[in-house]
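Take a moment with the picture first, then read on.

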Amino acid sequence: AKKAKKPKDSSNELAVCRVLLADLEAHQDAWPFLSPVRHKSVPGYRKVIKKPMDFSTIKEKLTNNLYLNLENFIVDVNLVFNNCQRFNEDDSEIGRAGHRMRRFFDKRWTELLHLK
Ligand SMILES: Cn1cc(C(=O)NCCN2CCCC2)ccc1=O
């Protein structure tokens with residue numbers, strides 16, 4: 001027989017986004033991602049990275065209600081990490097910080113989702 005679908009409770013998704021963002025900002029490896037990359041001091045960045053993103057911009061979007069759900073928020077957080085992988089060698093300070101932050105984020109949001 002068809003298993004009855006549990007209704008999705010999306011009411012606290014934005015609260016989950018705020019918790020996740022606070023955890024990202026508090027992480028010791030967050031320093032490359034806290035504010036927009038200054039393309040004037042990072043040669044080539046503006047040419048290579050078409051959609052820059054950083055944690056302060058995500059916070060601004062969250063504050064201005066530009067994320068309709070957790071999925072849209074996760075897309076922007078992954079953009080931060082994908083930009084980082086694209087622009088930085090894996091074996092570099094910033095490259096390694098990006099990998100560590102992505103691993104932390106993936107673990108954290110799956111933990112929070114399993115609480116539901
Ligand atoms: C994500 N990302 C960041 C940078 C960067 O230089 N960030 C500034 C780091 N500042 C140093 C002192 C305070 C913050 C370069 C390339 C890149 O992909």
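## The ligand and its surroundings

An oxygen atom of the ligand lies 2.8 Å from an N or O atom in the side chain of Asn 88, where a polar contact is a pair of N or O atoms within 3.5 Å. The protein covers 60% of the 450 Å² of accessible area that the ligand has on its own, with areas taken from the Shrake-Rupley method and a 1.4 Å probe.

This is a predicted model, in which local features need pLDDT of at least 70 and side-chain atom pairs count only at pLDDT 80 or more, while totals for chains, interfaces and linings use all residues. Residues are numbered from 1 along each chain as its sequence is written, and side-chain values use heavy atoms, leaving out hydrogens and water.

Which residues surround the ligand? They are Pro 32, Phe 33, Val 37, Tyr 45, Asn 88 and Ile 94, each with a heavy atom within 4 Å of the ligand. This shell divides into 5 nonpolar residues, 1 polar and no charged.

Now for the protein chain. It has 5 helices and 0 strands, counting DSSP runs of at least four residues (H or I) for helices and at least two (E) for strands. Its mean pLDDT (the predictor's confidence in each residue, from 0 to 100) is 95, and 99% of its residues reach 70 or more. Two helices mark the ends of the range:

| Helix | Residues | Mean pLDDT |
|---|---|---|
| α5 (lowest) | 93-114 | 95 |
| α3 (highest) | 55-63 | 98 |

How values were computed:
A polar contact is a pair of N or O atoms within 3.5 Å; within protein, one must be able to donate a hydrogen and the other to accept it, and residues adjacent in sequence count only if both atoms are side-chain atoms. Ala, Val, Leu, Ile, Met, Phe, Trp, Tyr, Cys and Pro count as nonpolar, Asp, Glu, Lys and Arg as charged, and the others, Gly among them, as polar.
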